Amino acid sequence: MAFPWLFEESFAAGTAGDFDSETDTNSKLSFPHYTYLAARKLAPYRGAYAMYIDLSLGTADAYVEETGDFDTAADGTIHVRFYFWASDLTMAASDRFTIFALQSGAGTDEVVVDVRNNAGTIEILASETGAGVTVRATQLVQNKWHCVEIAANIDAGGGNDGTLDFYVDGVQVGAQVTGLDQGIITQGRLGAIGIDAGTTAGHLVFGPIIADDARIFPNPERFPRQQTLTETGHVFIGPGAIDSATLLTTGASNTFYLFDTDVANSNSATARVVELDLNTHTSFEGPIWFQRGCYAVLAGTNPRGVVELPNENSRSGMPGPVYYS
């Protein structure tokens with residue numbers, strides 16, 4: 001792990017965030033609040049928002065694109081990790097679509113992660129191109145969050161020596177794919193791409209995505225009692241208390257503010273209940289109660305902060321977030 005990451009987006013603001021653009025002809029891609037998802041028996045991986053695609057609304061591509069932070073030169077290595085949920089998929093036999101792509105040029109697939117119906121078994125797989133000459137596949141268990149990670153060493157340009165490793169929930173799927181002929185990476189796409197006509201329904205939910213030059217690995221816990229943040233987002237939603245908060249970095253511009261809100265709105269000064277920076281306080285000892293949710297806003301250069309939540313042995317005697325239980 002080598003923070004600061006090359007790229008990070010959690011969709012915590014209910015937008016595409018750091019992605020450069022969105023393509024969505026059928027209007028099936030959105031960044032809804034958890035209340036919208038809950039009505040469909042879905043939920044964000046963490047926090048109040050996620051990226052969501054309703055496959056029943058058409059077969060046109062629906063994705064977000066980043067054209068700078070995924071760039072990888074010849075003989076360079078890039079690791080990408082994202083959280084993914086699929087449910088109620090209706091796919092004809094052999095149907096297949098891409099949920100993540102590293103691309104060269106103006107849109108040539110060099111590494112893809114796909115979902116396919118393999119003779120009645122829904123699989124998630126990685127391959128060197130959308131054609132998928134060599135794949136590493138495993139069954140996709142629906143109605144469950146999965147940690148998906150790829151590691152791609154890009155062809156040096158002379159002898160087709162690129163490689164690809166694929167991990168699901170921290171476990172490598174098959175052996176490393178070797179001997180790949182790849183162009184340099186210039187962009188990444190996340191969503192639903194190349195949907196077949198026989199794919200007529202399904203819910204896709206995307207959680208946080210990170211790119212880096214080293215292995216990232218899964219989060220140890222989905223709902224940790226000690227949560228380290230490297231980007232603005234909800235520590236939790238709904239009522240609950242925190243025991244403490246600390247600004248971990250020492251950059252002159254680094255700030256770490258906690259707001260009582262469940263809608264990622266930091267406009268109200270009255271909703272700001274904790275303020276941490278180098279000029280005032282770098283840590284806070286609670287407990288302090290949040291009624292709507294604990295929303296952490298980090299600013300400055302590569303900031304990091306940590307929030308400690310109560311547990312059954314907490315000195316505060318106050319309950320942790322109801323959301324966690």
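Ala, Val, Leu, Ile, Met, Phe, Trp, Tyr, Cys and Pro count here as nonpolar, Asp, Glu, Lys and Arg as charged, and the others, Gly among them, as polar. By that scheme, the lining of the largest pocket holds 18 nonpolar, eleven polar and six charged residues. The model is predicted: local features need pLDDT of at least 70, side-chain atom pairs count only at pLDDT 80 or more, and totals for chains, interfaces and linings use all residues. Residues are numbered from 1 along each chain as its sequence is written, and side-chain values use heavy atoms, without hydrogens and water.

**Largest pocket**
- A pocket is an open set of points on a 1 Å grid over the protein atoms alone, where a 1.4 Å probe fits, with protein on both sides within 12 Å along at least five of seven lines; lining residues have an atom within 4 Å of a point.

**Second largest pocket**
- The second largest pocket has a volume of about 250 Å³.
- Its lining has 16 residues, with E8, D18, T230, E231 and N302 nearest the centre.
- Two or more lining residues come from each of β1 (7-9) and β23 (293-299).

**Overall fold**
- Along its principal axes, the C-alpha trace spans about 55 × 45 × 35 Å.
- Buried residues (under 20% relative accessible area, 1.4 Å probe, protein chains only) make up 53% of the 325 residues.

Terms used
Points joined across faces, edges and corners; volume = space filled by probe spheres on them. Helix = DSSP H or I, 4+ residues; strand = E, 2+ residues; numbered from the N terminus. Buried < 20%, exposed > 50% of the residue type's maximum accessible area, 1.4 Å probe, protein only.
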